[in-house]
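Please read this note with the structure open beside it. Each point can be checked by finding the parts it names.

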Amino acid sequence: MKNIYLFVLLFMMFILVGCNESNTIEKIDVRAQLLRDGDLYIEELYTYNKPINKGSLERNLELFDYQTVEFFEAYIPPKMKSLGQFTHEELERVHVANNDRTYRPIFAKVNDDKTVYYRYRIDKAASKFSDTGELNWNIFASIQHDLHQVKIDVIFPQQIAENEVTIFSYNKNGGKSEVFDNRITYQTDFISHTDTFKQTVFFPAHFLSEMEEEKSTLTLADRIEQEKNMEEMLVRKDLRLQNIEKGLSIISWILVGTCAIFLIPLKMIAAKWVSRKIPMAEVEKYNPVYLLLLYRKGTLQIKDFIAGIFSIQHKGLLKIEKVSASYRFQKEEKAPKQTLAFKYLGKRRTIKESDLFLLNWLFRHNTDGYRTFILDSIAGPTKAERKQKKYRRKLESFLIEWKVWKEVVDKEFQLANIFKKGMLMRKIYPVLWGLHVLLILLMFLADAKTWQVILFASICLGVGIFYCYKHIEKKWVQLVYFAGCLFIGMQVNDTAVNTSYLLIVILTGIIVLVTPRTTLFFKAAVLREAVKKWRKLLKSGGMPIQNSKVQLVGISQHAILLGVGKQFFTRFHQKFPNEQTDNIVLFDHHVIDMITYVTNSLKPSYVNRPRPHSGDSGGGTSGDSGGGFFEIFSSGDSGDSSGDGGGGGD
């Protein structure tokens, strides 16, 4: 889990660094000359903050259907000169690729230039009516970078008075238009890359003396009223988006607090404090299965069937011996040459259901009349056997029986009263789904998206929620859904809103990752902290023992199950050199190797067969004659498995 947190942190840093390292346009000068035939001749000089990434430049022109681009050219201008200070001879021509009015300059070489110069001509950029001339053009649309220090000059064919021109140049970030002689100048400090900057200018119709007049029922007053209404609509839209951004900021802080609650485990801290009152001598007596359930938060792994075997031995009903490994493992170079044999000494009616299931499933009658389980009889295929279908079928059989045993254990230990699997997921994830749907719809409404777009987004989000509900315990499904929410939310044309929503999605992803799959009731949390403390004590070598043999067998079982067996064996001898352990089978490093080799071979990576109903398998079907996995593996090997005994019992 710590690796996941590190990945999320690095991902956030990557986003922030990536944003800071991208090209930005520090300055842009535009000079547009309106010709008497209504064409617009435009020159643009872009100055970037650092040498240009040559492959990333493009200039998008958004025109009306009746308008065309007569030519578009790109140049590398001379250094340290502003627009209008250089001649055509000083320019270095650059080839331009055109794709549906998206123009990409292709540089022949890489250099340290920070400027690029465009010039192009738009046919019929202006319109002429009986009472006015109109220039309505989208200067910047679908731009790649934020624009800083923008200056736009529109030059008319003749001088113009301030009362002869009406200018609409709305920019939510502010800007100023002024009239000088035969030109109007617009200046602003910033234009966002998510905005389309449009300029509409009404001027005397006789300026377009070489252009035919268009017929229209609209008067100049009507056109001005339309532009005013459009500008007021944009103001309201931006105000809505500002309010949305403020709301997103508040929600971000709420999510930060939620992350803090999960990352600061107050219940675990309290449980650790209370667990101090539980003596280690009490934990030492825990049933091996119960111990492992507490340590693993109620989720057993395939290899944990050995805890069930130890549970029977914990009651004094098993005798453990070392025997020679099966012939098939004698041929395997890395396989242990000895294994463990567990001989059942009790009566079947005296044990609980989960132990009885193991007895029927894994133990078989031996020649001496006792039911015996040979550890390597359930081992998966060796390296040489992995491609053989019969061994895959054996592993499938084992997994089916194991899942039924796990259900019996869950019922016997009443795990529902100790752990709640997926409880927080089922409470928190739906809230996050609803939150993101609500936020996206509000953002779309604030951005004045069409109802068709809103309906389509709602359907996509609804389908995603249905799939997430079906797979609510799969965190990767939730993360993919919220990534999809981010993609949809980024369709809003506002940088501040996009940034705030990106932060919300990142925080949501962190909440998904840190939401525990299993919720422990406080009593279980206290007991688990005691088990963790016990594990730490075993790892350091344990404590002095009184009932030497019986006590040491139980402690050895706990150490093996908790994954600290080898450390316990080594450090116990260092701390208590006078203790005799030679006659205890489990107190041996090689025993751990035997168990590990078998459990590691039980990997269900290629097993996809569905689990049958518990009533169709398990203790009822295993009986004394069935064996499933065990029977197939042990056939032909039983003589070798019971070999030369050795190792002594306990």
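This is a predicted model: local features need pLDDT of at least 70, side-chain atom pairs count only at pLDDT 80 or more; totals for chains, interfaces and linings use all residues.

1. Four strands form an open sheet, and their order is β15-β16-β18-β17. The pairing in this sheet is antiparallel. At its edges are β15, residues 318-324, and β17, residues 364-365, and each of these pairs on one side only.

2. Which residue of β18 is the bridge partner of histidine 365? The partner is arginine 371.

3. The structure has seven cavities of 30 Å³ or more. The volume of the largest cavity is about 130 Å³. Its lining consists of 14 residues, and those nearest the centre are Ile25, Tyr46, Glu58, Ile143 and Gln144.

4. The lining of the largest cavity can also be sorted by element and by residue class. Strands β2 (40-48) and β3 (59-60) each supply at least two of its residues. By class, the lining has eight nonpolar, four polar and two charged residues.

5. The largest pocket has a volume of about 980 Å³. A total of 30 residues line this pocket, and Pro265, Met268, Lys297, Val514 and Pro516 lie nearest its centre. Its lining divides into 16 nonpolar, 10 charged and four polar residues.

6. Which elements supply at least two residues each to the lining of the largest pocket? They are the helices α1 (2-21), α2 (220-263), α3 (266-274), α13 (495-514) and α14 (522-539), together with the strand β20 (518-520). Of these, α3 gives the most, with five residues.

7. Helix α14, one of the elements that line the largest pocket, deserves a check of its length. At 1.5 Å a residue, its 18 residues should span 26 Å. The expected span is 1.5 Å times one less than the number of residues. The C-alpha atoms at the ends of α14 are 26 Å apart, so the two values agree.

8. Which residues of α14 are buried? They are Ala524, Ala525, Val526, Leu527, Arg528, Glu529, Ala530, Val531, Trp534 and Leu538. Arg528 and Glu529, both in this buried set, belong to the residue types counted as charged. Just after the helix, glycine 541 takes a positive phi of about 115°.

Conventions
Residues are numbered from 1 along each chain as its sequence is written. Side-chain values use heavy atoms; hydrogens and water are left out. Two strands pair if DSSP finds at least two bridges between them. On a 1 Å grid over the protein atoms alone, a cavity is a set of points where a 1.4 Å probe fits but cannot get out, and a pocket is an open set with protein on both sides within 12 Å along at least five of seven lines; lining residues have an atom within 4 Å of a point. Grid points are joined across faces, edges and corners, and a volume is the space filled by probe spheres set on the points. Buried means under 20% relative accessible area, exposed over 50%, partly exposed in between (1.4 Å probe, protein chains only).
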